[in-house]
Amino acid sequence: MNEIPQLTKKQRRELRREEKLANREHTSRRKMINRIMMWAIVVLVLGGIVYALTQAGGDTNTEALLTDAVSADDHIKGVADSSVILVEYSDFQCPACATYHPIIGQIIDEYQDRIAFVYRHFPLRSIHPNGQIAAEASEAADIQGKFWEMYDMLFQNQNEWSGEGDPTERFVAYAEEIGLNTDQFRTDLTSSVVTDVVDANYRSGIAASIDSTPTFFLNGAQLDNPRSLDEFRSVIDTALEAAGQSTNQNTNVDTSTNTNDDSTNESTGE
């Protein structure tokens with residue numbers, strides 16, 4: 001039988017050194033592989049996050065959208081079935097809303113045969129204590145068929161009633177001035193019917209993420225509030241063109257109602 005040759009001390013040292021070098025090389029390779037795998041996982045995770053954010057950004061509209069469709073229950077001026085619909089959420093006690101009132105009046109006069117203008121209540125109750133009852137007064141007037149007459153009275157005389165502790169008698173006087181039965185008006189003003197209408201409008205505004213007045217929607221998309229009559233005309237004309245309708249304005253318009261072409265919005269958040 002062949003005998004296994006004995007290694008010298010030098011050979012044994014050399015063998016141990018080669019084993020150590022081999023172990024170090026193996027350990028180094030394993031560490032490198034682990035680092036590569038770790039970075040690959042990080043890159044994949046970050047790529048997934050970027051993709052998700054990109055997809056989310058593509059599907060999300062940063063502007064609020066109108067959630068409740070316009071219906072026959074809304075207060076509408078113009079062509080009810082128009083393809084261009086301007087909706088305003090407003091508070092009768094809001095100074096900025098009163099500033100927009102003559103501009104909206106001009107828009108209604110100029111575009112009444114081509115668009116629908118819809119008014120909805122959004123009383124900012126925490127800062128405008130008379131906003132709710134003013135909205136209810138307009139709805140009480142609506143029961144007798146004179147919503148828009150009371151709408152005008154409330155905005156045009158906002159300074160008279162907005163600071164009163166209880167503006168009921170002032171509203172009754174307005175009702176009489178526009179030819180309403182004041183006894184019926186008083187009864188309707190405190191009825192659940194008018195309160196329910198105002199509250200339903202308010203809830204629809206909350207659902208559309210409204211937090212200030214006035215807030216305007218054109219064909220369901222929230223507008224960055226136009227700051228003048230001309231800016232309103234521009235966005236409405238663009239919508240009319242997109243709908244294939246004429247943008248020529250009526251020629252029989254009393255421009256004297258335009259009292260504030262350069263008005264700026266001073267929306268008030270609740």
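This is a predicted model: local features need pLDDT of at least 70, side-chain atom pairs count only at pLDDT 80 or more; totals for chains, interfaces and linings use all residues.
The protein chain contains nine helices and seven strands. Of its 270 residues, 38% are buried, and the chain exposes about 15600 Å², of which carbon and sulfur atoms supply 51%. When contacts between residues at least 6 apart in sequence are considered, 81% of them join residues at least 24 apart.

Since 13 of its 17 residues are buried, H2 is largely enclosed by the rest of the structure.

Aromatic side chains form 19 pairs in the structure. One of these joins Tyr151 and Phe155 in an edge-to-face arrangement, with 5.4 Å between the ring centres and 85° between the planes. Both residues belong to helix H4 (residues 147-156), where they are four residues apart, or about one turn of the helix. An α-helix has 3.6 residues a turn, so residues three or four places apart point the same way. Tyr151 and Phe155 are both buried, and they take part in one aromatic cluster together with Phe92, Phe117, Tyr119, Phe147 and Trp148. A ring also meets a charge at Tyr202, over which the charged end of Arg125 sits, 4.1 Å from the ring centre.

Terms used: Residues are numbered from 1 along each chain as its sequence is written. Side-chain values use heavy atoms; hydrogens and water are left out. Buried means under 20% relative accessible area, exposed over 50%, partly exposed in between (1.4 Å probe, protein chains only). Helices (H or I, at least four residues) and strands (E, at least two) are DSSP runs, numbered from the N terminus. Contact means heavy atoms within 4.5 Å. Accessible areas come from the Shrake-Rupley method with a 1.4 Å probe; for residues, only the protein chains shown count as cover. Rings of Phe, Tyr and Trp (its six-membered ring) pair if their centres lie within 6.5 Å; planes under 30 degrees apart count as stacked, over 60 as edge-to-face and the rest as tilted. A charge sits over a ring if NZ of Lys or CZ of Arg is within 6 Å of the ring centre and within 35 degrees of the ring normal.
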